[in-house]
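Dear colleague,

I am handing over the structure that you will be working with, and my notes follow below it. Please have the model open while you read them.

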Amino acid sequence: MIKKTIAQPPEKFTGIEETQIPHSAVGFKAIKSALIHIADEVGIVKGVGLLAKLNQKDGFDCPGCAWPDPDEKRSFLAEYCENGAKAVAEEATKMRVSPMFFALNNVADLGTLSDYELGKKGRITNPMYLKEGATHYEEISWDNAFNLIGKTLNGLDSPDEAVFYTSGRTSNEAAYLYQLFARQYGTNNLPDCSNMCHESSGSALSETVGIGKGSVILDDFKHADLVIVMGQNPGTNHPRMLTALGETKANGGKIISVNPLPEVGLKNFIEPQNPLKWLGNGTDLSDLFLQVKINGDVALLKAILLLLLQKEQANPGKVFDHKFIVEQTSGYETLIADLRTYNLYELVAQTGLQFDEINEAAEMIANNEKIIVCWAMGLTQHKNGVDNIREVVNLLLLKGSIGKVGAGTCPVRGHSNVQGDRTMGIWEKMPEEFLAGLDAYFDFKSPRKHGYDVVKAIDAMHKKEARFFLGMGGNFNSATPDTEFTAEALRNCDLTVHISTKINRSHLVHGKEALILPCLGRTEIDKQASGEQFVTTENSMGVIAQSVGHLTPLSEYLKSETAIVAGIAKATLKNTKVDWDTLAGNYDLIRDAVEATIPGFDKYNERVRVPGGFYLPNNARDNDFTPTHTGKANFTINELSDIVLDKGHYMMMSIRTHDQYNTTIYGLNDRYRGILNERRVVFMNQQDVDEAGLKKNDLVDLISHFEGQERLAEKFIVIPYSIPRGCTATYFPEANVLVPLKSVARISNQPTSKTVVISVRKSA
């Protein structure tokens, strides 16, 4: 047995409460919750003024999710969601983590706090340094911090011994400079949070339609006949998406939701931007809910495709779009031949659904032409995650539902600007065209050897093949799988560096030496040598827009991310021809470089100053599939799940509560699931609870099983819940200790946090 540490010790249980699951999402309760959080963290007057600038054309982009803003009219009342307001409150908080705080609190003691308790300590005010063998962080000057980084990097045996990680919050300008620095240093080791969230989407979409991004825009939801939401909980993770789904319904469209858990946000929501509706019954959203088993999505989609084939054979030309198939696709005959090798009823059995439910979905798909499929990590974080997305594309191609208004692919990205970071070059295997453009503009030779993604980076650090780690934002240790293994990997480094706004777990799981470099937040004014700057971001539908901070920085010692990158580059690179100070002093010059090296950014500085920004080119949206290896959109053959559960084993997926965003915990409540004041819970089917000899609120240990290894997470509270038999759900990041590092998706190498095989035993 491999015993794993736990994020929140058992003695910290705070007394779980259960409440009735609400009928509707969002509405007045969401507004009230957001305002309470704002009042506590910022103060109501300052907070409301700040929210008035959130996601507005003259304001700043939400540091939370990447859901797009309307192109035209935006709500003056609230162009943000509850969690967006909480994210802003966390960034603009009155609480401070100063050098005195670190002097009074040693690293070991801070490590006993929960992620929630750490997050509530506030913003970091000064650069901090942990010497080898020291127990406390102490203040360090920026110059000394930069010099330490440069000395460490230049002391490595190879540039490939350094890892440069990026969180999705980083701006386009900072991301571009960051990848430029890493490549001038000599490595493509640029893992990012996409590796853990939507890498399967990018792999599947690039192969099938020629671009690793979605093809729809926000306006498409008004024109869709049918929207299918798979493996996603927008009510918690992307609440503003509910407005778009409400517009689909208002215009006569239908919605199918597919998920192992019934989520309130996909049942009914109350429009928060219209006070006249706050006291109403809300808008019913899902016309059909398919409660699929965890990792039963390929089986479900294949069953639907078989039913569509039957309906097409009964009414030729009425179900499939043969004109589109002939003119725009490749591999149709192979797909049909493969489908015919499956038994429909065996597929149905793997889904956990009834035949009539799946047939109803097939009827809705057959009878509609403009179809959008949305998905998130419920589809991507599986061994067959790429297969999931490719099967989604198969369905859309059969219907001709890509490249037309009201139809297409919609991977719903998590963190704000995670898509933009990839566009800027944050990827361990950028294509030759990008690297050649970088080389020509900056007069150097980029490395061509592919670098480490997240999984490979952790493995390399664990083997001591990588000895330096720099995190541009994020909370690497809490966000990644196999928590204790990852912690050991980070501790093997000579130096770990984190560019952060707030203290988090990764600052306490450190290398021999460690630095915390505090940066400006999106809400804050960014003043550089040429004057006040703005940054840009890319939302999940490919819009590039500016973001302008409005608050005075909370500390005179904060630097922008671009200034920090420039400082590190100057201290490290001895023969660079890049004028880092000039670029960091005027972000227009960074955007000029982007324009010269990345297609789609013509007149970047001019167009991004137009309120609302501009769209990047999207070949799939334009019905152009020439970037694929066939020059057409590709049908693919995909594999069912090959995981067979032994008796007493369950499939576990990790989920987020309503009071968190990624690894940031805003509170201890998950009110949309009726769980308050506790996070260490495991949701189980009531029949599974009974069969295991358990009862509600029992304390249990969770044990994951993978390739003969076992991982342990102790003291979880059993919650009987509406979830298919054989399936369980636990909160992220508490359950990350159970996710094996080597359990990854085929092709994309994405960790499989939604298909963890576990057993459950009563706690001692």
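Which residue in strand 11 is the bridge partner of Ala25? The partner is Phe269. Before going further, please note that this is a predicted model, in which local features need pLDDT of at least 70 and side-chain atom pairs count only at pLDDT 80 or more, whereas totals for chains, interfaces and linings use all residues. Residues are numbered from 1 along each chain as its sequence is written, and side-chain values use heavy atoms, with hydrogens and water left out.

The sheet

Strand 3 and strand 11 (residues 268-270) run parallel and are joined by two bridges, where strands are DSSP runs of E with at least two residues, helices are runs of H or I with at least four, and both are numbered from the N terminus. Two strands pair if DSSP finds at least two bridges between them. The open sheet has three strands in the order 3-11-12, with mixed pairing. Strand 3 (25-26) and strand 12 (283-284) are at the edges with a single partner strand each, so one side of each has no neighbour in the sheet.

Helix 8

Because 14 of its 14 residues are buried, helix 8 is largely enclosed by the rest of the structure. Here buried means under 20% relative accessible area, exposed over 50%, and partly exposed in between, with a 1.4 Å probe and protein chains only. Just after helix 8, Gly186 takes a positive phi of about 125 degrees.

The cysteines

A disulfide is a covalent bond between the sulfur atoms of two cysteines, and the search counts a pair of cysteine sulfur atoms within 2.5 Å. Over the whole structure, that search finds zero disulfides. Cys193 is in none, as the nearest cysteine sulfur, that of Cys197, is 5.7 Å away, and Cys193 is buried, with a relative accessible area of 11%. For Cys410, the closest cysteine sulfur is in Cys374 at 3.9 Å, which is too far for a bond; Cys410 is also buried, with a relative accessible area of 3%.

Best wishes
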